[in-house]
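Below is a note for a colleague who is meeting this structure for the first time. Please read the numbered points with the sequence and the model open beside them.

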Amino acid sequence: MLSQSKTGSLELVVLILAMFGMTIWYAWPQIGYSMFIVYDLGLTYFPSFIDSMLKIFPLIR
Amino acid sequence: MVGIISWIISAIFTIIVAYLVLCMLSTSQPSLNLALFFFNWIFFTTLYLLGMGLMGLLAPIPIALTSTAGSIAIISIPSTRGELGTISVWLRQYRELFITWWGNLPRWLRAATVIFISYSIARFAFLIWALPPFIWDSLTYHLTNVAQWIQDMRIHTFTTPVERIYNAANHEVFSTWFALFIHHDGIIEAAGLPAYLIAGLSVYAIARQLGIGQGSSWIATLAYLSTPGLTLAVTGTKNDPSMTALYLLSIAVSLGFSSPKDGKFHQKKWIPFIILMMLMLYAAGTKAYIAHLFPGILLVAWLFAIYRLGWRKTRAMIKDIFQVLSQESIGVLFVVGLLLASAFFLGSYWYIRNWVQMGNPFFPYSVQVGQSELIASDIGGFKFGLQNLYDTFQLFLQRFGDKLYLVRPDLPYTTGWGWVAYGMGLPAAIWGLIRKSSYRILFAGFLLSFIFLLFSSPTSPWNMRYFIWFPACLAIAIGFVFDQGFQHVRWIGLALSTLFSTLTALNLIMVVTYNTFRIQDIQAMLSLPFYERDSAAFSVVTPKAYQNFIENVPREALLGYNVTGNGFVYPLYRGDYSQRIVYIPIDKDDRCEDIIESMQAKGTRYLFTAPVHTLDAVRDKLFQCSQTGSKLRELGVDLYVISK
């Protein structure tokens with residue numbers, strides 16, 4: 001029973017390593033695309049959103 | 001206000017009918033029942049609107065009146081009234097099931113679920129509210145149908161150079177429900193959301209039927225629902241998410257033929273048979289490629305029956321389907337007959353209409369098998385053959401891994417399967433194929449559908465959008481791995497859950513926006529009031545000519561237009577469908593007087609053209625006319641008016 005469990009664990013370790021490997025393979029160029037989106041949202045959207053909100057407030061009577 | 005009240009009344013009526021059909025065709029699997037409820041609602045809403053549209057009654061008040069009459073009729077019949085009384089029991093059972101289910105989930109999964117659902121709701125709501133429809137095919141033909149039907153209060157064909165308005169259009173009829181009552185396309189993108197829910201519930205139902213535990217089945221569901229190709233397409237106003245949902249639900253239902261634990265399914269095998277017929281026929285009226293997916297569904301049903309029941313019992317079960325059905329009461333047989341007749345109508349109407357009107361059921365497409373063309377057409381069409389399989393498989397290999405391009409809603413040069421499917425799904429699928437016999441059967445079915453679709457898929461840059469159901473098979477393999485992982489030492493479960501959470505988060509980051517627009521483009525739309533966020537005003541999608549017509553043509557005027565068979569027609573109706581339009585055919589050899597005469601004969605003074613969407617020769621001709629003393633003068637860019 002114990003050896004069966006060990007075999008199962010080893011099998012899952014190999015599987016998890018394969019998953020990490022595939023993740024690294026998929027990461028290029030996806031990570032770049034995702035970083036671009038995060039950059040675009042984080043550095044462009046929120047400051048300009050706040051900016052546009054500040055411009056709208058004086059118009060509200 | 002009348003529109004909103006009519007919308008609520010029609011919603012109540014369609015929900016009541018969907019529930020009554022569910023009472024008759026329910027199973028003992030709660031997740032599958034929930035998916036079937038949403039399918040019944042889509043099915044009946046489409047049938048109802050198609051019927052009203054063909055009678056020329058596609059308007060809020062006639063629909064409100066017939067919905068009220070229908071609801072009163074249902075309430076006055078004692079048997080249906082009795083069934084309706086069980087709604088509260090049904091809801092209570094689901095509440096209790098949910099509480100138990102939620103309590104059984106690991107804590108990290110509960111946290112991940114809350115984040116996933118909150119994020120998805122916020123993202124879907126924002127994109128639906130902020131942006132107008134923008135996908136190319138929607139602006140050429142999908143939504144052009146919807147706009148013209150709403151204006152005319154009738155579902156019919158009309159004169160336009162875009163021949164693809166003849167395509168099977170169940171999804172467009174269903175989408176009409178989201179725009180008809182408010183006479184505006186502000187939330188029409190929400191028409192894809194029921195399909196998203198069905199797809200998720202179907203993956204869960206499949207996983208549970210394969211014996212995967214509740215927590216692991218839910219992980220498989222989240223893994224699939226995070227697929228970028230699916231998430232981006234859901235609010236894209238096209239019919240591919242709908243086809244995905246119908247395919248996955250068909251697989252879930254087909255497992256019911258042989259489910260040993262499912263008492264009701266086990267006794268009444270005709271129930272999955274009838275549901276499957278309804279699903280297949282509805283899908284046929286949505287997109288013809290269900291015919292290529294069907295062999296995979298059949299294989300799953302057949303192999304699982306043999307795997308679980310053996311040859312002899314499988315043969316006996318097939319005989320039982322019809323024998324047990326024939327022993328049902330007259331009332332049941334009548335309703336079953338009605339459902340099948342309705343499904344046949346939804347599945348065949350578009351093809352019969354095209355056959356009668358155009359002499360080709362698949363108009364405007366050709367049908368080619370091998371080297372012989374069975375049905376001819378100018379714009380090409382369905383090709384079946386080994387050469388096509390080879391070509392599309394080569395394209396698939398190029399797109400495998402999403403290395404060529406950013407993942408976008410119509411999937412140009414990409415598969416859109418995302419981090420979870422590639423990172424965890426593929427290794428899990430290989431492990432599942434080695435370790436799990438039930439997974440081998442499921443995979444065989446998905447693979448057969450995949451190959452059959454490659455046989456006939458077009459070799460266009462966007463063809464992987466027809467395959468966004470495939471990652472569901474990889475997600476279910478992830479469910480199997482978690483089931484195994486939870487039984488082992490703690491750190492294995494921890495490693496798997498950390499990887500899963502990270503990759504799901506990366507999938508979610510990938511789809512924050514459509515990856516098509518700059519934030520400034522979205523801000524530009526947000527600066528407009530909700531009712532003015534027309535597709536024509538979305539300058540990043542439509543050329544300046546579309547914004548020019550909004551500014552210069554009065555809403556009450558009839559607008560003449562000339563675009564090619566692949567041009568944007570939909571934005572010309574405006575978001576509130578207030579602009580009437582008429583097609584003005586122009587040949588480059590026409591004289592200026594001929595063009596003016598043609599416009600006057602159609603009752604319009606205005607003529608719209610646009611770069612890319614109108615032939616340059618026609619645009620040049622019109623410009624010449626405006627410069628050479630004819631009555632046609634230019635009114636801003638690419639817009640012409642006949643002087644009074």
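1. In chain B, strand β1 (residues 366-369) and strand β3 pair in the parallel sense over four bridges, and S366(B) stands opposite G381(B) of β3(B). The model is predicted, with local features requiring pLDDT of at least 70 and side-chain atom pairs counting only at pLDDT 80 or more, while totals for chains, interfaces and linings use all residues. Residues are numbered from 1 along each chain as its sequence is written, and chains are lettered from A, and ligands numbered from 1, in the order in which they are written.

2. The pair belongs to an open sheet of three strands in the order β2-β1-β3 (chain B), with mixed pairing. Strands β2 (372-375) and β3 (381-384) of chain B stand at the edges with a single partner strand each, so one side of each has no neighbour in the sheet. From one strand to the next the twist averages 20°, where axes are lines fitted to C-alpha atoms (for helices over the stretch in contact) and angles run from 0 to 180 degrees between N-to-C directions.

3. A further open sheet of chain B has five strands in the order β5-β4-β6-β8-β7, again with mixed pairing. Its edges are β5 (580-583) and β7 (632-634) of chain B, each with a single partner strand, so that one side of each is left without a neighbour in the sheet. Neighbouring strands of this sheet are turned by 30° against each other on average, direction ignored.

4. How are the strands of the five-stranded sheet joined? Strand β4 (residues 558-561) of chain B runs parallel to β5(B), with four bridges between them, and β4(B) is also parallel to β6(B), over three bridges. By contrast, β6 (residues 606-608) and β8 (residues 639-642) of chain B run antiparallel and are joined by three bridges, with F608(B) partnered by L639(B). Helix α25 (residues 616-627) of chain B packs on the sheet, touching β6, β7 and β8 of chain B, and its direction makes about 105° with that of β7(B).

5. Chain B is divided into domain 1 (2-134 + 167-510) and domain 2 (532-642), the bounds coming from an automatic or database domain assignment. The C-alpha centres of these two domains of chain B lie 40 Å apart. Seven residues of domain 1 of chain B are in contact with eight residues of domain 2 of chain B, contact meaning that the C-beta atoms, placed from the backbone, lie within 7 Å.

6. Between the chains, 29 residues of chain B are in contact with 22 residues of chain A. The elements giving two or more residues to this side of chain B are α18 (418-435), α20 (471-485), α21 (490-510) and α22 (519-526) of chain B, and the largest share, eight residues, comes from α21(B). Chain A itself has one helix and zero strands.

7. Helix α12 (residues 240-255) of chain B is mostly covered, with 16 of its 16 residues buried; a residue is buried if 20 or more other C-beta atoms, placed from the backbone, lie within 10 Å of its own, exposed if 12 or fewer, and partly exposed in between. Of the 61 residues in chain A, buried ones make up 15%.

8. Some backbone details deserve a careful look. Most residues other than glycine have a negative phi, and most peptide bonds are trans. A cis peptide bond, with omega about 5°, joins W28(A) and P29(A), and P29(A) lies in helix α1 (residues 2-56) of chain A. The bond from F363(B) to P364(B) is also cis, with omega near 10°, and P364(B) is placed in the loop between α16 (330-358) and β1 of chain B. R574(B) has a positive phi near 65°; R574(B) sits in the loop between β4 and β5 of chain B and is buried, with 24 other C-beta atoms within 10 Å.

Key. Pairing = 2+ DSSP bridges. Contact = placed C-beta atoms within 7 Å.
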